Amino acid sequence: MERELSLNRAETFSFVNPWIRYFLFFFSFLFWVFSLLIVAIGVYAKVQKATETVRDTFLVDPAVILIVVGVVMFFITFCGCIGALRENIRLLKTFSFSLTLVFLIHLAVAILGFFYSDQTRSALEKFARKAIVHYRDDLDLQNLMDYIQKEFKCCGWNSYTDWSWNLYFNCTRENPSSERCAVPYSCCTPVPGETVINTMCGFGVQTQKYLDANKSIYPVGCADRAVMWIETHLLLVGALTLGLALPQIAGIVLSQILISQIQEEITSLS
């Protein structure tokens, strides 16, 4: 009788903790669904524009960025989902390795950004320059730039004159555009009681000096505003960073624990 009980226990015993297994599955599944949503939004935005992505704008196209991020997330979380559900060591190792790689990339970017702030600013300036140059070529990019300038109360990257990088806003005499020497309306300071946005409020501003321009627009560049925002919201920035890091670390730890348990299970059966 005792021998039968011990045999039954041996048959039902498993090294794999079901709580860890299913928690990792649901954890991955949630992010898998989220990745599908991101891809869907990116594809929808791309289809709605119905325009070919210019090579120069590929890296600054919000729709393309969403699709790329979504696809990468889909691949990683798919490995986590199926790996946990099927107790597949290869998929779990792929999941763990991918998360570790993403985490290390984030960490490296943060460290390099902190210690090489000048180089980071220069790299971001190239990104911002492309965004300004192609402001009128991509509606999503235009909306993003307008949102940033309105939220941060800034104009251009270094200053409002950066909008001369754009073909339409270029302030040279040879420019035949009606928007010559102008800046987007998102640079303008709001007028109290104004119900209809004056999209021509930034016309001719680039010809004005800083103090004169300050009367109608936000003349400060978005680079300086971003630095000021980070300095005044360090707690929020830290919380966001932690919020990004914790799920990655949790996924890595859980997958490694599950891999170890599955390997023990295989060893015990051999």
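Tyr 22 is found in helix H2, where helices (H or I, at least four residues) and strands (E, at least two) are DSSP runs, numbered from the N terminus. At 38% relative accessibility, Tyr 22 counts as partly exposed, a class that lies between buried, under 20% relative accessible area, and exposed, over 50% (1.4 Å probe, protein chains only). Tyr 22 and Cys 81 are separated by 59 residues in sequence, while their C-alpha atoms are 9.2 Å apart in space. The model is a predicted one, in which local features need pLDDT of at least 70 and side-chain atom pairs count only at pLDDT 80 or more, whereas totals for chains, interfaces and linings use all residues. Residues are numbered from 1 along each chain as its sequence is written, and side-chain values use heavy atoms, with hydrogens and water left out.

The aromatic rings come next. A pair of aromatic rings is described by the distance of the centres and the angle of the planes. Rings of Phe, Tyr and Trp (its six-membered ring) pair if their centres lie within 6.5 Å, and planes under 30 degrees apart count as stacked, over 60 as edge-to-face and the rest as tilted. By this rule the count comes to eleven aromatic pairs. One of them joins Phe 25 and Phe 29, which are stacked with 6.0 Å from centre to centre and 20° between the planes. These two residues are four apart in helix H2 (residues 18-49), and are therefore separated by about one helical turn. Phe 25 counts as buried at 17% relative accessibility, whereas Phe 29, with a relative accessible area of 34%, is partly exposed. Another aromatic pair, formed by Tyr 135 and Phe 169, is tilted, with 6.1 Å from centre to centre and 50° between the planes. Because Tyr 135 lies in the loop between helix H5 (117-133) and helix H6 (139-152), and Phe 169 in the loop between H6 and helix H7 (210-213), the pair ties together parts that are 34 residues apart in sequence. Tyr 135 is buried, with a relative accessible area of 1%, and Phe 169 is buried with a relative accessible area of 1%. Phe 25 and Phe 29 also belong to one aromatic cluster with Phe 26, Trp 32, Phe 74 and Phe 78.

H6 has 14 residues and reaches 20 Å from its first C-alpha to its last, close to the 20 Å expected at 1.5 Å a residue, the expected span being 1.5 Å times one less than the number of residues. Its buried residues are Leu 141, Gln 142, Met 145, Asp 146 and Gln 149. Seen down the axis of H6, these buried residues fall within an arc of 135°, so they line one face of the helix, the arc being that of the directions from the helix axis to the C-beta atoms. The face turned away from this buried side carries the exposed residues Leu 139, Tyr 147 and Glu 151. The buried residues of H6 pack against helix H3 (62-86), H5 and helix H8 (222-232), with contact meaning heavy atoms within 4.5 Å.

Leaving aside residues up to four places away in sequence, Gln 149 touches Cys 154, Cys 155, Gly 156, Trp 163, Pro 184, Ser 186, Cys 187 and Cys 222. Just after H6, Lys 153 takes a positive phi of about 55°.
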